[in-house]
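Biologist: I have a structure open and would like to learn how to read it. Could we go through it feature by feature?

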Amino acid sequence: MYPSQHYQSQNLSLLLHIIEQSPLATLLFNQAGEQWPHISHIPFIFDQGMLIGHISRLHPLANQLTQGDVELKLIFNGPDGYISPLYSPDAQTVPTWNYAKVVVTGQASIVSDKTEQGALMAQISHHFEQQLHYQFSAEPWSIDTLPTKHLDAMINAISIFKVAICRTEGNIKLSQNKPPLAIEAMTKHLKAHQQPDLAALMNRAQS
């Protein structure tokens with residue numbers, strides 16, 4: 001089995017945290033007549049059990065969504081980094097790389113109602129503006145400041161869609177097989193080397 005059982009996670013709280021902290025997903029879906037899946041990168045927010053995103057109307061998925069729901073995969077890439085044997089008090093430790101990935105399989109459906117489109121774009125922009133506000137105390141921008149004609153032009157240029165989640169898989173390699181003292185030593189070094197996000201996630205994965 002790969003990844004190993006102890007690197008697979010169904011901890012929904014942890015997986016949603018990774019999606020929240022790393023919202024830019026790698027999107028994969030099959031296009032008719034193409035040998036390889038289409039791959040692109042789209043940010044999402046999670047709301048009421050679904051993922052919400054938007055794309056340009058020129059995006060290949062936009063055209064396919066007008067013909068019906070589309071099965072797709074989304075890969076959310078959390079923090080990652082090299083773990084040196086010097087980080088651990090265990091002399092038997094070997095070099096490794098820690099990472100956290102969430103793979104979502106779902107059904108995407110287009111949002112056609114104009115009122116809902118506007119509401120969802122307001123929700124998406126508010127979500128990310130609030131993150132900026134909390135991180136940097138920046139005054140949040142509001143979609144309400146856009147003139148109506150500019151808002152209409154923006155919505156007409158994009159396709160907004162929801163993803164109903166069918167399956168969520170966590171590929172989480174965060175030294176879960178190591179004792180608490182080793183985790184404490186590793187995370188101390190990671191923080192000193194400017195990798196606090198990976199350190200925080202390693203601690204969270206142990207709980």
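Modeller: Start with one side chain. Tyr82 has a relative accessible area of 39%, so it is classed as partly exposed. Keep in mind that this is a predicted model.

Biologist: Which class does Trp97 fall into, and what is its relative accessible area?

Modeller: Trp97 is partly exposed as well, with 44%. The class follows from the cut-offs, because a residue is buried under 20%, exposed over 50% and partly exposed in between.

Biologist: How is a ring pair read?

Modeller: By the distance between the ring centres and the angle between the planes; planes over 60 degrees apart count as edge-to-face, under 30 as stacked, and the rest as tilted. There are three aromatic pairs by this rule. In one of them, Phe44 and Phe161 sit 5.7 Å apart, centre to centre, with 85 degrees between their planes, which makes the pair edge-to-face.

Biologist: Why does the pair of Phe44 and Phe161 tie together parts that are apart in sequence?

Modeller: Because Phe44 is in the loop between strand S3 (38–43) and strand S4 (45–47), while Phe161 belongs to strand S9 (residues 158–173); the parts tied together are 117 residues apart in sequence.

Biologist: Are Phe44 and Phe161 buried or exposed?

Modeller: Phe44 is buried at 1% relative accessible area, and Phe161 is buried at 0%.

Biologist: And what kind of pair do Tyr82 and Trp97 form?

Modeller: A tilted one, with 6.3 Å from centre to centre and 55 degrees between the planes. Tyr82 is in strand S7 (residues 81–83) and Trp97 in strand S8 (residues 96–110), so this pair joins parts 15 residues apart in sequence.

Biologist: Which residues do ring pairs link into a cluster?

Modeller: Phe44, Phe76 and Phe161.

Biologist: How do I read a single residue through its contacts?

Modeller: Place it in its element, then list the contacts beyond its sequence neighbours. Ile52 is in strand S5 (residues 50–56) and is buried, at 3% relative accessibility. With neighbours within four places in sequence left aside, its contacts include Phe44, Ile45, Leu120, Ile124 and Phe161. Phe44 and Phe161 are thus partners in a ring pair and also contacts of Ile52.

Biologist: What should I note for the protein chain as a whole?

Modeller: The protein chain has six helices and nine strands, and 37% of its 207 residues are buried. Among contacts with a separation of 6 or more, 72% involve residues 24 or more positions apart. The C-alpha atoms fill a box of roughly 65 × 45 × 25 Å along the principal axes.

Notes. Residues are numbered from 1 along each chain as its sequence is written. This is a predicted model: local features need pLDDT of at least 70, side-chain atom pairs count only at pLDDT 80 or more; totals for chains, interfaces and linings use all residues. Side-chain values use heavy atoms; hydrogens and water are left out. Rings of Phe, Tyr and Trp (its six-membered ring) pair if their centres lie within 6.5 Å; planes under 30 degrees apart count as stacked, over 60 as edge-to-face and the rest as tilted. Helices (H or I, at least four residues) and strands (E, at least two) are DSSP runs, numbered from the N terminus. Buried means under 20% relative accessible area, exposed over 50%, partly exposed in between (1.4 Å probe, protein chains only). Contact means heavy atoms within 4.5 Å.
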